[in-house]
Structures are given as C-alpha cells and as structure tokens.
Amino acid sequence: MTVTLDETSRVTDVRSRLEPVFAQIAHGAAQREADRLIDHEAVTALRDAGYTRLRVPEEFGGIGLAFGETAPFIVGLGEADSNLAQALRAHTIFIEGVLSHPDPEYRSLWLGRIGSGAIVGNAVTEINNAVGASTTVLSTLPNGELRLSGTKFYSTGSLYADWILVAAVDEDGNDLGLAVASIAPGVTMVDDWDGFGQKLTASGTTTFDNVLVDPAEVGPGLDNGGRLATGQAAWQYLHLATLTGIGRALRRDVSEYVRGRRRSFSHGGAGLPREDPQVLQTVGEVASSVFAAQAAFDAVVPLLGRLLAKDEAGQEITEDESDELYVAVYSAQQVIAKNVLDAATHLFEVGGASATSETKRLDRHWRNARVLANHNPLIYRARYIGDWFVNGTGAGRHYRVGSTA
C-alpha cells in the first residue's frame with residue numbers, strides 16, 4: 001500500500017489521540033473484569049478519540065483512514081482490553097458494509113450517523129431456532145405500523161450502542177435486516193452472558209416487545225457471505241485482530257511479571273527470575289508464538305483490504321480472489337488462535353503459585369482467547385482448508401447457527 005505524507009500525518013495524529021486512551025483502558029482491564037463492569041466511560045473515550053469513525057470519510061465527520069491503516073488500532077484495543085475490541089466488532093464491520101453498499105442514500109445516512117458519534121450493536125443470533133431461521137418477526141398492523149417482537153442472544157456490543165442491527169423475518173418468512181434505536185420503547189437489554197471469558201462484551205439477551213419500527217430502517221436480510229464486506233472473511237478478521245491483541249497483552253504481562261519478580265526456587269537457574277535462563281527461554285517462546293500470530297494477521301490485512309477497496313469501488317471480485325481470501329483468513333485463524341492459546345498457557349511456567357493470583361488475573365488471557373476461538377470452531381475451518389487444497393472446493397463463506405428439532 002502506498003502511503004502519502006498526508007496519510008502518514010493523519011495516522012500519527014490518530015495514534016497520538018488513541019494510545020493514551022488504550023493505556024488507560026489497559027490499566028483497569030483486570031479490575032473491570034473482577035467487578036464485571038460494563039464500562040461506558042471507556043467506550044465514550046474511544047468514540048471521542050475517533051476510534052469508532054476511523055474508516056468514515058472526512059466529509060461525514062470521520063477520519064478517513066484506509067482499511068490497512070486501521071488494523072494496528074484494532075489490535076491495539078484488543079491488547080488494551082479484548083472485551084472492548086469485540087464489543088465494537090459489529091460496529092467496525094458494519095462500517096465496511098456501509099462503505100460498499102450500492103445505495104448512496106443508505107451510505108450517506110449511516111456514515112453521517114456514525115460520523116456524528118453513533119455506535120452500532122447487533123441482535124442477530126437466537127437459541128433454539130432452526131439453522132438459518134429466525135423467530136423474531138416484523139409484523140404489519142392494520143393501521144400500517146410495523147412492530148417487532150422476538151428475543152436475541154449474544155447481542156454483542158448492544159449495551160454500548162445507539163442503534164441495534166436486527167435480523168428478522170416478515171410474516172411470510174422473508175429475511176429482513178433492520179435498525180432499531182437502543183432506547184426505543186419495548187427494547188430490553190440484559191447483561192447475562194455467562195461465558196468464562198470475554199465477560200464484558202455486552203453480549204447478553206435483547207428482547208423486542210412490540211417495538212415500533214420506522215419503515216425507512218427496514219431492508220433486505222443481513223447478508224452473510226454474498227457480499228465481501230458482510231461475509232465471514234470480514235467478520236473473522238475482527239476476531240483475528242482481537243486474538244492478536246490478546247497475544248501482545250500476555251507477552252507484555254509475562255515480561256512485566258518476570259521483570260519484577262524476586263522469589264525464585266532453590267533449584268532455579270539463577271537468584272532472580274529475570275536472570276534465569278530457563279525462565280528467559282519460556283518468555284522467548286511466548287514472544288515467538290505472539291510473533292507468529294502477528295505475522296499471520298499481517299498477511300491477511302493487505303489481501304482483505306485490497307478486495308474491500310474493489311468492493312467499495314463497485315468492481316467485481318472473482319471467485320478465485322474470494323477463494324484465495326477465505327483460505328488465507330481461515331488459515332490465519334488456525335495459526336493465530338492456536339499460538340495465542342499455547343502462549344497463554346505456557347506463560348505460567350515462569351512463576352510459582354503467585355502467577356495464579358486473582359489479583360494478577362493472568363488467566364484471563366487464556367479464557368478470553370479460548371472464548372474467541374470457540375466462536376467459529378477451528379475444526380470446521382480446517383476442513384474447509386483441506387477440502388480446498390485436496391479437492392479445489394471453495395471455502396464456505398456463509399455462517400449460520402441453529403438447532404435440530
């Protein structure tokens with residue numbers, strides 16, 4: 001990617017505003033988890049510093065960074081607090097979908113909203129629905145009003161959001177995508193996500209009880225593979241960025257832990273852990289795993305960015321280009337998730353029982369990485385990769401979850 005002097009200056013300016021926010025967020029991350037604190041102040045600080053509008057063009061109040069220029073900031077937020085990076089995942093990917101949307105009025109509406117500070121969450125996933133089906137229904141009343149009723153789970157980021165993107169069906173079962181203001185009467189959001197990691201992603205239950213919907217906010221179903229910007233390559237990219245950030249956080253924390261530790265073992269290799277060759281070897285192995293994760297992530301960014309730029313420009317993306325991208329993203333997923341999980345376990349070899357102290361909460365890195373890796377199970381993505389190389393079968397681009405009756 002060619003970077004002009006103006007672009008370099010803009011990125012430098014964004015970094016100068018975001019890095020202090022990231023540092024403040026990182027400082028309180030462990031304690032927020034201990035207190036289960038949904039931190040609206042942190043999200044407000046990120047918004048005010050420009051994080052939520054990095055990709056929004058300047059004419060709409062955004063910063064106008066290129067796709068590749070935003071990647072370090074997403075990883076940086078993942079390093080500071082992976083919960084917040086994931087909580088803003090729907091918002092971040094939604095912008096890519098808006099930028100490539102074929103309707104100029106739709107683009108202007110949403111870019112203007114986000115450029116003015118609006119944050120977007122999602123309410124897509126259900127429990128006990130059939131695969132690919134929705135029980136959330138938009139009904140048309142005799143007076144012409146549109147009313148939405150249903151329950152969604154894993155509504156990531158919605159507790160931070162001004163607008164919620166909802167997957168629903170009409171009374172005839174046709175897929176719809178619509179937007180509802182988070183403060184609309186009849187919208188109830190509960191922080192009841194019970195996973196052992198990523199506890200603060202605001203991924204709870206959202207209930208819509210006869211919510212009045214503006215017809216202007218209703219459109220076709222939320223695409224999940226037909227368009228690049230709304231498909232699994234883009235959505236998985238955010239998980240990969242967040243996992244890479246977790247890797248960098250655990251590398252930081254294990255280094256700080258060893259640097260400040262004075263207790264050692266009688267059978268250790270030195271009086272101080274920071275001088276013990278075996279401890280240093282372990283830190284080096286952790287750092288190398290993180291290096292591999294970062295390298296895999298960096299390999300995906302220009303490929304995805306190039307195709308998103310084509311999508312935004314209305315240029316055709318060939319099947320070969322899509323297959324190359326999806327195989328690369330799914331391959332990076334294997335490398336990043338496995339290396340970060342391994343490093344998050346291996347780091348405990350550098351210390352004794354004190355490394356497991358709840359005050360340090362070093363275990364949160366493994367727990368958070370494990371939960372992120374489970375969102376899209378590695379075994380299925382590995383099968384796609386193998387099927388591509390053996391049989392030339394295109395990697396799956398669609399993702400639906402449901403239950404068999």
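**Salt bridges across the chain**

Arg55 counts as buried, because its relative accessibility of 12% falls under the 20% limit for that class. The model in which this residue is seen is a predicted one. The side chain of Arg55 meets that of Glu312 in a salt bridge, with 3.7 Å from N to O. Glu312 belongs to helix 9 (residues 277–312), whereas Arg55 sits in the loop between helix 3 (40–49) and helix 4 (67–80), so the pair ties together parts that are 257 residues apart in sequence.

A second salt bridge brings together the side chains of Lys152 and Glu126, at 2.8 Å from N to O. This pair also links distant parts of the chain: Lys152 is in strand 3 (residues 146–152) and Glu126 is in the loop between strand 1 (120–123) and strand 2 (137–140), 26 residues apart. Lys152 is buried, with a relative accessible area of 0%, and Glu126 is buried as well, at 6%.

Lys310 forms a salt bridge with Glu321, and their closest N and O atoms are 3.2 Å apart. Here Lys310 lies in helix 9 and Glu321 in helix 10 (residues 319–346), eleven residues apart, so that distant parts of the chain are linked. Lys310 and Glu321 are both buried.

Other charged residues are connected through shared partners. Glu33, Glu358, Arg361, Asp363 and Arg367 are joined by such salt bridges into one network. In total, the count for the structure comes to 20 salt bridges.

Methods
Residues are numbered from 1 along each chain as its sequence is written. This is a predicted model: local features need pLDDT of at least 70, side-chain atom pairs count only at pLDDT 80 or more; totals for chains, interfaces and linings use all residues. Side-chain values use heavy atoms; hydrogens and water are left out. A salt bridge is a side-chain nitrogen of Lys or Arg within 4 Å of a carboxyl oxygen of Asp or Glu. Helices (H or I, at least four residues) and strands (E, at least two) are DSSP runs, numbered from the N terminus. Buried means under 20% relative accessible area, exposed over 50%, partly exposed in between (1.4 Å probe, protein chains only).
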